[in-house]
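Student: Could you walk me through this model? I'd like to ask things as they come up.

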Amino acid sequence: MPKPLLEIERLQVDFELHNSRVNAVKDVSFTLGEGETLALVGESGSGKSVSSTAILRLLPEFASTQGAIHWHGSQGREELLSVSSRRMRRIRGNEISMIFQEPMTSLNPLQRIGRQVREVLDKHTTLRGQAARQRVVELFEQVGIPDPHRRVSSYPYELSGGQRQRVMIAMALACEPRLLIADEPTTALDVTVQAQILSLLKRLQRQYGMAILFITHDLGIVRHFADRVCVMRHGEVVESATTRELFASPRHDYTRMLIDAEPHGRKAPIAESAPVIMQARDLKVRFAIKKRLFRPTDYFDAVRGIDLTIRQGQTVGIVGESGSGKSTLGRALLRLLESSGEVHFEDTDLTHLDSSTLRPLRSRMQVVFQDPFGSLSPRMTVGEIVSEGLRVHHPELTRKQCIERVAEALQEVSLDPAMRQRYPHEFSGGQRQRIAIARALVLKPRFLLLDEPTSALDRSVQATVIELLRTLQQRHELTYLFISHDLAVVRALADTVVVMKEGRVVEQGDTEALFHSPREAYTRELIRAAFLDQAA
Amino acid sequence: MTTDTTTLTSDTGDLSAGDSLGRDAWRRLKRNRAAMVSLVLLIFIAAACVAGPWLTPWGLNEVNWDAFRSPPSLEDGHLAGTDANGRDLLTRTLYGGQISLSVALVATFVSLVIGVLYGAVAGYLGGRVDNLMMRFVDIMYSLPFMFLVILLMVVFGRNILLIYAAIGAVEWLDMSRIVRGQTLALKRREFVEAARALGVRSRTIVMRHLIPNTLGPVIVYVTLTVPKVILLESFLSFLGLGVQEPMTSWGVLISEGVDTMQSAPWMLLVPSTFLAATLLCLNFLGDGLRDALDPRTH
Amino acid sequence: MLIYVSKRLLQAIPTLLIVITLSFFLMHLAPGGPFDGERQLPAEIEANLRAAYHLDQPVWRQYFIYLGNLLQGDFGPSFRYKDFTVTELIAQGFPVSLELGLWAIALAIAVGLPLGILAALHRNSSIDYLVMGTALAGVAIPNFVIAPVLALVFGVLLAWLPVGGWNDGHWRNMVLPVIALSIQQVAYIARMSRASMIEVLGSHYIRTARAKGLSEREVIWRHALRPSLLPVVSYLGPAIAGIITGSVVIEQIFGIPGIGRYFVQAALNRDYTLVMGTVVFYGILIVLLNLIVDLLYSALDPQIRYDD
């Protein structure tokens, strides 16, 4: 065990909120050695971010912190919760730096990025003028910002999310800190960018010899990245061990559950003679970006000519990074967006149908969206939401029959039918996603578009939703079009995979074949980024 | 960190079964003491204005020949004194309140109807139509409206219906912008797309999914429009361009009070107090409603 | 930038045309003419006068004549002040109104902004409650109530300052009208800057600034102040419009010879040309001021570039 750098003892954080007290962190202790990487892992609400933010005393005013945080820094051993705020400021950004989850909003939008990095040097070093400017350029080079001489005078809005996170890292490293606290630094980024940022952090850690406290919900990253792991749940550390030990022999049930929650299993193949249920030929979607009165409109081509065949009982996975056009493709197939090219569903050519001739078909092709908070109308009860489709497609049903059908659908997604009188905001993310599935199922569809249905959920909840989707597919012989950026989930669910980039298909084929021997460089890059742990 | 704390608060702030957002907001409003006091006071002022003139022993234009410009006193029954013509000031102020409040309600209603319809249509149709409709609103915004209203009053004479219409026509602009913004944001929400995927008709989507969800901001805006309209009407009346004798309004009374404020300050103070109290309460209530309906304050 | 300015000026043309057209035709709908005054004019003279004012022409001709004259800065003759043109009256009154308005807006910013920021920095303290309570009163009490009360207290009871009049802009005459005119805007600006400062202080980049080791003062001066000014700057347009409208009553109450007072008197006397001229003049003024405010905003926010 290396020399200890940070020792947290019995940390407790409470939030005072309108006469009520929330105990966000209760009794957390761990130690971080010099040069070591410790991962704090947990699902949302586990208190992992709060604990890490408490170290630099950056929690909002209504938080009260107890316990002890011992720091072995330039002044010997000191207790961070009781040092003067003047001393605290000497530590922040100098001995301990922090990077955050939100790269898009963590930089001051009104200041040039070079100046924002130089401010740290101004504060903590004696570098001034030309020497300081030189150091900023050097830092930009180290974190891989292209054309650093010019970039120093850019504003944040001119940079992509990945580049902004690089600027944050440059800022954090400016004074060569002994400890870097990284709070979900890659969660908001695409997988390939995520992989680049992680390897950048690894390289810089070796170069500067600093310790990293890495906060994440992603066990894949942990396995690849951390020396030791603390698993947190409900504000407590339930297990801490070296990474190897933890994955080899998890001791706590919750850890085991988290590890098991990694998607696994494979889809049973379908008969090759299965009939085609949906087919698209040369499908294109373009959006008008800027409509002007007297000048030609600017367009953005989101989907640029795609052919697709989906057979009965099949699950077709569509993967790609943000902006690849995968969601647009899904919406165009259901004719929720204007498109050109042909779409056939069952025996019908959808291409020239208008909304009223399309309506009867809608009960057989349904959709479940990503956002469990945005996909349910907040002012309707669950019963009203689930029965809305019945009112359109089966106006002949009596009220009682309607209620029965709704109850049936809710039971099917393992929800209590008595919940139909409640409103969506009373449910958790996973429950809302079940309601959204019930809304689609109540119409007894044959084809289901699943647009990132599990992406907004914690891993453990995700696993149960995936299990539900599997069961439903078998029970009702459903056909799925599964859109996701998460390759692990797609691998576990899909028969065939379509890889999209910039509105085009890069590669498509049988799931296992594609994951084992990808033909295209882009596919290889995606897979490498997504399965970090297996590559390492 | 923010995500952590918000999930935590939503976990502890557990809600009982079958609770609608509206009732939830009402409960939060009830905790806001300033807003509740304002609400009670507003109801009291409104009730006094409606019923008051029957309760006071004097009529609107009834002259007490024994009391010209007499200060407030209990003995002669003129609780708020009399004006230069010997008319009871309290009676006149309550009458004036009827006019001021009714102008406020009618004009707000006019602006509500025009604004909600215009905004919802522009937002839902989107594209070129939206562009054109909002361009028109932009142009209207940059007109010196107050002055056009005055011009209107000058040309067509001081007609109370005209005041209703003119003020309503000014105030709908903000409302339409708010509703349009809401509609645009809601249109992109996935529950609207889900409804379209279910085959729900456009009209039903607007009525069932869009308009109910714009209600929150609209209610808040209405409480903020009412004081603005009261102020506008008083402003016009103060200049002598609003309602005319024999009718009166708070603005007219204040204007009369200004002329005599040295000799009879109560003539300025009584109507001013009513006006200021009403405006203050409406502002408190609007602020309270905004906090209660803002999802971020849960 | 230059292209943007000229584009904005071009876009202002339809707005101004609407103002002009609307007011022109409203005026022509008005009952009565300029010469059905006190005494009957001989028919011959009236005909001559009508010709001189182009009143013998069809309305649409008159409209274009008026437009043409406007382009040359000629708002036509006043109906009441027979010896003056509307342009002359505006030229007399405008400098007075401008001086009053500029002081008022300066005072509104100089007082409202620091008060709002102070309240935000001491959120939920007694300072905050005091500032916001006063601000709410400022929003709720109209300036035509505040102005006479100020005049009563400081002009009559204490007799520190003159109750009215302009006295060629002597500072003693200006104090009360400027305060009365700015109080409402002080309140709005204080409320707005408090809200935006609180929002900015909760943002992620402020957390970043603190994580850098900056002191609270550095965080506020270097990172929080400028972003929190943005909504206040965009409110300046409405604030200026509010002050211009307010000046109409304030000039009336304090007897100040600005265009606001001319306007009210013209409106009460049905001096159609003067009313209309003032409306058009205010229209142009508001359009120009909005443009200046937008340019100021772009100077603060690098994301807004007017090169399109």
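Predicted model: local features only at pLDDT ≥ 70, side-chain atom pairs only at ≥ 80, totals over all residues.

Student: OK, chain C then. How many helices and strands does chain C have?

Tutor: Chain C has 11 helices and 0 strands, where helices (H or I, at least four residues) and strands (E, at least two) are DSSP runs numbered from the N terminus. Its C-alpha atoms fill a box of roughly 85 × 60 × 30 Å along the principal axes.

Student: And what share of chain C is buried?

Tutor: Of the 308 residues in chain C, 42% are buried; a residue is buried if 20 or more other C-beta atoms lie within 10 Å of its own, exposed if 12 or fewer, and partly exposed in between, with C-beta atoms placed from the backbone. Among contacts in chain C between residues at least 6 apart in sequence, 71% join residues at least 24 apart, a contact meaning that the C-beta atoms of two residues, placed from the backbone, lie within 7 Å.

Student: Where does UniProt put the transmembrane regions of chain C?

Tutor: The UniProt record, an unreviewed entry, places "transmembrane region" at several stretches of chain C, including residues 100-121 and 232-254; UniProt positions are given in the numbering used here, feature names are shortened, and annotations may be inferred rather than shown by experiment. In the model, residues 100-121 of chain C are 100% helix and 0% strand, with end C-alpha atoms 32 Å apart, and residues 232-254 of chain C are also 100% helix and 0% strand, with their end C-alpha atoms 29 Å apart.

Student: Which residues of chain C does the "ABC transmembrane type-1" annotation cover?

Tutor: That UniProt domain annotation, likewise from an unreviewed entry, covers residues 94-297 of chain C, a span that is 85% helix and 0% strand in the model, with end C-alpha atoms 26 Å apart.

Student: What about Lys82(C), buried or exposed?

Tutor: Lys82(C) counts as exposed because it has 9 C-beta neighbours inside 10 Å, and its place is in the loop between helix 3 (59-71) and helix 4 (86-121) of chain C.

Student: Now the contact with chain B: how many residues come from each chain?

Tutor: The contact takes 38 residues from chain C and 29 residues from chain B. On the chain C side, the elements that each supply at least two residues are helix 1 (2-29), helix 5 (126-140), helix 6 (143-157), helix 9 (216-254), helix 10 (259-269) and helix 11 (272-300). By class, that side of chain C has 30 nonpolar, 7 polar and 1 charged residues, with Ala, Val, Leu, Ile, Met, Phe, Trp, Tyr, Cys and Pro counted as nonpolar, Asp, Glu, Lys and Arg as charged, and the others, Gly among them, as polar.

Student: Switching to chain A, which domains does the assignment give?

Tutor: The assignment for chain A gives domain 1 (4-260), domain 2 (276-364 + 446-535) and domain 3 (378-444), and such bounds come from an automatic or database domain assignment. The centres of domain 1 and domain 2 of chain A, taken over C-alpha atoms, are separated by 36 Å.

Student: How many residues do domain 1 and domain 2 of chain A bring into contact?

Tutor: In chain A, 14 residues of domain 1 are in contact with 13 residues of domain 2. Helix 7 (191-208), helix 8 (219-225) and helix 10 (253-260) of chain A give two or more residues to the domain 1 side, which divides into 5 nonpolar, 6 polar and 3 charged residues.

Student: And why is helix 1 of chain A described as largely enclosed?

Tutor: Helix 1 (residues 48-55) of chain A is largely enclosed by the rest of the structure because 8 of its 8 residues are buried. Just after helix 1 of chain A, Arg57(A) takes a positive phi of about 55 degrees.

Student: Last one: where is Ala463(A) found, and what is Ala463(A) in contact with?

Tutor: Ala463(A) is found in helix 16 (residues 459-476) of chain A, and it is buried, with 21 other C-beta atoms within 10 Å. Leaving aside neighbours within four places in sequence, Ala463(A) is in contact with Ala261(A) and Pro263(A); Pro263(A) is 200 residues from Ala463(A) in sequence, yet the two are 6.4 Å apart in space, C-alpha to C-alpha.

Definitions and conventions:
Residues numbered from 1 in each chain as written. Chains lettered and ligands numbered in written order.
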